[in-house]
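Here is a short report on one protein model.

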Amino acid sequence: MSDVGKLLIVFGLLIAAVGAVLVLAGRIPWVGRLPGDIYIQRGNWTFYFPLATSLLLSVALTLLFWLIGRR
């Protein structure tokens, strides 16, 4: 039963970390507005696909997890 408790604590901390990143990401002006992000607006219809932001975030997280997992 204690393994389930530890797993729930880790899961809760992970959700809190993701929430903090989402809150802070709104305050960083260049996140979501990089050249390469696709933004199309026609009348009352809007399409937004943050391609460059996703690639940049993927590279950053890959490097972070590579550094953490390196032993």
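## Surface and burial

The protein has an accessible surface of about 6500 Å², and 74% of this belongs to carbon and sulfur atoms. Areas come from the Shrake-Rupley method with a 1.4 Å probe; for residues, only the protein chains shown count as cover. Of the 71 residues, 7% count as buried. Buried means under 20% relative accessible area, exposed over 50%, and partly exposed in between (1.4 Å probe, protein chains only).

The model is predicted: local features need pLDDT of at least 70, side-chain atom pairs count only at pLDDT 80 or more, and totals for chains, interfaces and linings use all residues. Residues are numbered from 1 along each chain as its sequence is written, and side-chain values use heavy atoms, with hydrogens and water left out.

## Overall form

The protein has 2 helices and 2 strands. From the N terminus, the order is α-β-β-α. Elements are DSSP runs numbered from the N terminus: helices are H or I with at least four residues, strands are E with at least two.

The radius of gyration is 17 Å, whereas a compact globule of 71 residues would have one near 11 Å. This radius is taken over C-alpha atoms, and the globule rule is 2.2 Å times the number of residues to the power 0.38. The C-alpha trace spans about 55 × 30 × 20 Å along its principal axes.

## Helix H1

H1 has 24 residues, and its end C-alpha atoms lie 34 Å apart. H1 is hardly covered, with a buried count of 0.

## Pro50

Pro50 sits in the loop between strand E2 (45–49) and H2. Pro50 counts as partly exposed because its relative accessibility is 24%. Its C-alpha atom is 7.6 Å from that of Gly36, 14 residues apart along the chain.

## The largest pocket

The largest pocket holds about 430 Å³ of space. On a 1 Å grid over the protein atoms alone, a pocket is an open set of points where a 1.4 Å probe fits, with protein on both sides within 12 Å along at least five of seven lines; lining residues have an atom within 4 Å of a point. Points are joined across faces, edges and corners, and volume is the space filled by probe spheres set on them.

Its lining has 16 residues, with Val21, Ala25, Val31, Leu57 and Leu61 nearest the centre. Helices H1 (2–25) and H2 (51–69) each supply at least two lining residues. H2 gives the most, 7 residues. By class, the lining has 15 nonpolar, 1 polar and no charged residues. Nonpolar covers Ala, Val, Leu, Ile, Met, Phe, Trp, Tyr, Cys and Pro; charged covers Asp, Glu, Lys and Arg; the others, Gly among them, are polar.

Terms used
The expected span of a helix is 1.5 Å times one less than its number of residues.
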